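Subject: A structure for you to explore

Hi there,

Here is the structure I promised to pass on. Please open it next to this email, and I will walk you through what turned up.

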Amino acid sequence: MIDRLLLCKQGGIIDVSQMAEQDNSVHICIGLGGTGVDCLKNLKAKVYDRICPDDIDSPVPQYSHIKFLAVDSDRRAFEYGEKSGFGDFCKLDPYNEYFPIGQGVRNSDLFQDKRVFDSNPAFREWLEHTNIRSFSADAGAGGVPQIGRYLFACQANAFFDVITNMINQASIGLSNPYVYIHIFSGVSGGTGAGAFLDVCYLVREAIKNAVANNCILCGYFFLPDVYGAKGIDDYSYQYIKNNGYAALQELDYCMNYEKNGDKWSQYYKGIGLVESIRQPVDFCHLISATTSNGDMLADGYDYALNVVTDFILGLLVKPDNHSSFSWLGYFSELYPRSRMINKEFGAAYKYCTLGAATATVPHKEMMTYLASELFENMYIAVIDKIPNENDLTDFMNRNSLSYNRIFDMLTQGADLNFSPMPDVNWRDAQANDNLTVTYFEDMKCRVLGKIQENYSTLSRKIDDYSTISDCRTANTRSLISRIFESLKYLATDPACGPFYAAKLLRSTIRKDLVAVIDGYIKTANEQREQENAQEDKLYSEWKNAQDEFFSGNTNVINGNRRYKIYANATRNLIIHRARAETYAHMLHLLNALHIQLMSLSSEYMDKLLNTIKRLKDTFDENKRYLAEDGFAIHPSYEIPIATINDVMPELLSTVAAMNMDQNIHHFMLKMTSKEGVDAWINSNEDKISMFINHYFTDVFFEYSQKTMTEYFQTKYKTTTPEQLVHYIETDFLNNLRMRADPMFWTSNTYDIRCSCMKGYITVPDFCVEAREAAMNLAVANRQAFAVVDGAFSDRISILNYCYGIPLYGYNGVYWYENDSVNSKISGQHIYEGKSYKDDGKEIIGRDWRLLPSPIPFRLMQNKYSNSELMRLAEEAKDLYLEAEAKGVIHDYDYSDFGIFTISDAFMCSFRNAFEDGKKNEYKDDRLQTQDQLEHLSKNIEYNSPIPIPNDCTLSDVERKREVRIEHFVKSPCLQKIVRAELDKLKEINDTIHYFD
């Protein structure tokens, strides 16, 4: 079967005119870990299905500005199962689109030489190689984030180079394009959870290194509940939730770098130290498979993959010329609009989520069904037609292919009678034998020369089956050309067909052309042997006649008679030898024809029949798929505008009305044309698919160009525009709108309507009624939706895009936090306070196990919050209050608050004054020093204040203070600074009282 024509493999009859044109932008798509790679696979298949390739006339689609890279530690993630639903044509390229980071050994063998990891700056601060115990996996990261991170870090330099090159290569041919980089990753496994932050920051570093001025980095991170929708055992799911919370905790911390005083800082071998205060991605999409009410979709995993895929496809396509909407413009508006979001709690209101639903016109399915029905009918009409012996005889006669006729064509223009006899006087002939022998030898040369000329013409092989290889007249064409053209004619004749023609040429059950020619070969060989048997007799007669003619008793009385006998004997001998050579030529010609017929059979007819049989099997599978699966199951994000059942009567009547003889004739004419032969002669699936696609889209042009309005008319059984608009709005679009609600498991502490939410209804611009219905729906919903001209002509889509969501809005963090923090699994966080030595010093590395909870302090409760995180948050709050009371934190520039740090210069002068005062022995001098120090303490010199985020949108001063405290609670680095300042104040106070 042919994958690109199989519906079950993402193929089928696809009308290129229905595909959307690419935008003038670059898209680098990176799938990390199992889920990320799954999303990447799905995206590539949909790109090949819906997006126009660079060259629509190329049999192999190329997308030079869209790049795919699958990154995983487990090679099994790159594999496609037999029931994967992806054809070879749209699979990831294992040579150019895979980036395996596995090391090909059991996890238990990864860390044999522990000294290497303790001294390597890329690993020494964080890799808990002596404590990680989950080494059961044979491949991949075994569900341990630190193992996933380690495997990626080993290949970080190569990954950096690959991404840099991808950006540069994808930008070739475009003028200053926008570069979108999409990172897909789960946050709950080993590879994804362990490496997704490293991937983000290395991509940011690669952007600096690449030739790219305008880059937008998007992350699509699949939340733990997505795995629950996939259907896994309780033990594994608990492990996933623990990992997922840890990864989200780390993500939330990094998303707030610009406010919490920290930064990304990690050394990578071959790259060096990578540092950044930017958030990991510009737009961070949290992908869930659970409704806001907590209901998990039955097909939630596929839903999550497809919602992301559909969103990105919208970014890939060129906006309609008349459309005022562009995603680039929308993205540019998000940051300003996000300032208006209601921020009641201290959190990073920076996350996005998606809700989508699509309604499709099954152009591809219906075109494929029609093609399958038509092909089956054509196949049935020709498969059982078998030529009999009379048909074979008739074919030979009609094409002048009898043995005698072939011999006549070989000897045409060659006089094998060797006449006339030489007009020579016997005396001259006796004096010069060349006048006789040479005369006949020359005649023989001319005869054999003509036969050789005929032989060259008749034996000329077919160099190219896709072209007319021999355009000579019927009498001077090669035998194989004559046969080939006649067989092609029979193949295109509905009364015969390709199977008939092929069996006429070569058959396993009846006499065929090859057998006839083999009989001719036998005849030619017998004639040659019979002729050769005459050699001794004729030579003896010639020798006797020569001896008698040249004897001494030849005179005027007998000379003329003896010469005639001699000349006739010479003629007979040379005629005999010429005929012997002619039969040899005949034998060579027939042997050559036999070889050519066998080649025609194997190199043309067999391939033609094999192609037809593969097409038959392909279309049979399509019919089975359509009957059993294709329209019976629809993912929750997609509904059909019309089903196969809705249009089945029309489809069947279309096929029934077709003239099958005409269709067979037309199809076989196309198959045997240069275009057709070029497509299938080398069994190239890409060329065959392209040819068949073009053929059937032409045959069923009225269906491929059928408008969406016509399908709505069929669905609602009306052609009245007003009624159609009413039904589309109240029934169809309302149903679609409900399906498109944002898919985000929302906590009861957050209302997603507080986010920066906008809905988009994408409608093909030529569907007037659907567009009017969409406008009505937008008005009815207070312009919550914008109506956008769609680039895809076969679908209406509704997308709800929500920006400015805080992570505490995800209910999972409440459910997962306590179990995750209490699990104490080594290697779950990317930094776990590992101690290491640097230049002999013992250093304690960063510890992210007790990063602040994504849940704001005021929302933390004993029933779901971890007690240790609550304790740390309480301590941080108390620290803030103390700092506020002691003036370390206070306002500046009206409503802004910050941390006021004492300058080093002041502390230096203060300490110097103290040290000088300590040297005084007299009380008065010491009191004077105390006064000096008190004076200094009242005139402390401060550095510029370090801002504390204060983005509360409420006007109440106390509420603003509460939000500010919550931001401080989430900022360990700011807490560290405050502690240092409090220590300075204590030092100043203690120093002053030293002289009491």
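Let's begin with a hairpin: E6 and E7 have three residues between them, and in this hairpin Gly270 takes a positive phi near 85°. Strand E6 (residues 264-268) and strand E7 (residues 272-276) run antiparallel and are joined by five bridges. One of the pairs to look for is Ser265 with its bridge partner in E7, Glu275.

A few notes on reading this. The model is predicted, so local features need pLDDT of at least 70 and side-chain atom pairs count only at pLDDT 80 or more, while totals for chains, interfaces and linings use all residues. Residues are numbered from 1 along each chain as its sequence is written, and side-chain values use heavy atoms, with hydrogens and water left out. Helices (H or I, at least four residues) and strands (E, at least two) are DSSP runs numbered from the N terminus, and two strands pair if DSSP finds at least two bridges between them.

Next, an open sheet: its three strands come in the order E16-E17-E18, with antiparallel pairing. Strand E16 (889-892) and strand E18 (946-947) are the edges; each has a single partner strand, so one side of each has no neighbour in the sheet. E16 pairs with strand E17 (residues 896-899) over four bridges, and Tyr892 has Asp896 in E17 as its bridge partner.

Now for the helices. Helix H9 (residues 300-316) has 17 residues and reaches 24 Å from first to last C-alpha, close to the 24 Å expected at 1.5 Å a residue (1.5 Å times one less than the number of residues). Of its 17 residues, 15 are buried (under 20% relative accessible area with a 1.4 Å probe, protein chains only; exposed is over 50%, partly exposed in between).

How do helix H26 (residues 708-716) and helix H27 (residues 721-739) cross? Their axes, lines fitted to C-alpha atoms over the stretch in contact, come within 11 Å and cross at roughly 80°. The two helices are therefore roughly perpendicular (65 to 115 degrees). Their contact (heavy atoms within 4.5 Å) includes Phe712 and Tyr716 of H26 and Leu724 and Phe732 of H27.

Last, find Glu541 in helix H19 (residues 535-549). Glu541 is partly exposed, at 37% relative accessible area. Between Glu541 and Met743 there are 202 residues in sequence and 107 Å in space, C-alpha to C-alpha.

Enjoy exploring!

Technical notes
Axes are lines fitted to C-alpha atoms, for helices over the stretch in contact, and angles run from 0 to 180 degrees between N-to-C directions. Angles under 35 degrees count as roughly parallel, over 145 as roughly antiparallel, 65 to 115 as roughly perpendicular and the rest as oblique.
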